[in-house]
Amino acid sequence: MEITIKINGRMVSVEVSGEVAECYDEFQHKSENFSHEKRRHWDGREFGEYIAATEGLLPYQPTPEDIVCQRETLALLLSILDTCTAIQRERFLLYALYGYSYAEIGMLCRCSKVSAFESIEAVRKKFLKYFENHPNDWPL
């Protein structure tokens, strides 16, 4: 009997005995069941509920309250960023929004990696200081 298996990323046809083919088919079936079980229990829902939740619903729509909170949070974060220098702001946004490393930021801004780190750290400290001094003023 011939079965097809994947070896080193390539599909290969192999001649095997009937017993081996039967074991392979059983393994494939159990592997598929295990995959379904993993999806079923990753968030505590049954498999059918998972399908309905991921395929049967419309995309997430924020409520008006969510939108207001997001805008207030954005305004607060931007007001804190406004207290930073243009260089600090640029380096921080490259780091926080775009995920650049300190070395990459240094190359982009034509500065050292240490200088990029110090600018980002200065902005981070401003955020921490603000949130420590105003724990109930932010809408997050």
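Predicted model: local features only at pLDDT ≥ 70, side-chain atom pairs only at ≥ 80, totals over all residues.
Arginine 124 is partly exposed, at a relative accessible area of 39%.

Side chains of opposite charge can pair when their charged atoms come close. The count of salt bridges in this model comes to two.

Glutamate 26 is partly exposed, with a relative accessible area of 43%, whereas lysine 30 counts as exposed at 53% relative accessibility. The cut-off for exposed is over 50%, so the two residues receive separate labels.

## Overall architecture

The protein chain contains six helices and two strands. Along the sequence, these elements follow the pattern β-β-α-α-α-α-α-α. Of the 140 residues in the chain, 17% are buried. The accessible surface comes to about 11,000 Å², and carbon and sulfur atoms account for 57% of that area.

Contacts that span the sequence give a further view of the fold. Among contacts between residues at least 6 apart in sequence, 36% join residues at least 24 apart.

## The β-hairpin

Strand 1 (residues 2-7) and strand 2 (residues 10-15) run antiparallel and are joined by six bridges. Two residues lie between the strands of the hairpin, and asparagine 8 in the turn has a positive phi of about 50°. Most residues other than glycine have a negative phi.

## The buried face of helix 4

Helix 4 spans residues 86-96. Its buried residues are Gln88, Arg91, Phe92 and Leu94. Viewed down the axis of helix 4, these residues fall within an arc of 160°, so they line one face of the helix. The packing partners of the buried residues are helix 3 (64-82), helix 5 and helix 6.

## The loops on either side of helix 5

Tyrosine 98 is located in the loop between helix 4 and helix 5. With a relative accessible area of 60%, tyrosine 98 is exposed. Together with Leu97, Tyr100 and Leu108, Tyr98 makes a nonpolar surface patch of about 460 Å².

Arginine 110 occupies the loop between helix 5 (102-109) and helix 6 (113-133). Although arginine 110 is not a glycine, its phi is positive, at about 55°. This residue counts as exposed, at 80% relative accessibility.

Technical notes. Residues numbered from 1 in each chain as written. Heavy atoms only, no water. Helix = DSSP H or I, 4+ residues; strand = E, 2+ residues; numbered from the N terminus. Buried < 20%, exposed > 50% of the residue type's maximum accessible area, 1.4 Å probe, protein only. Contact = heavy atoms within 4.5 Å. Areas by Shrake-Rupley, 256 points an atom, 1.4 Å probe, with all protein chains shown as cover. Pairing = 2+ DSSP bridges. Patch = residues over 30% accessible without salt bridge, like charges linked within 9 Å, V, L, I, M, F, W, Y side chains within 5 Å. Salt bridge = Lys/Arg side-chain N within 4 Å of Asp/Glu carboxyl O. Arc of directions from axis to C-beta.
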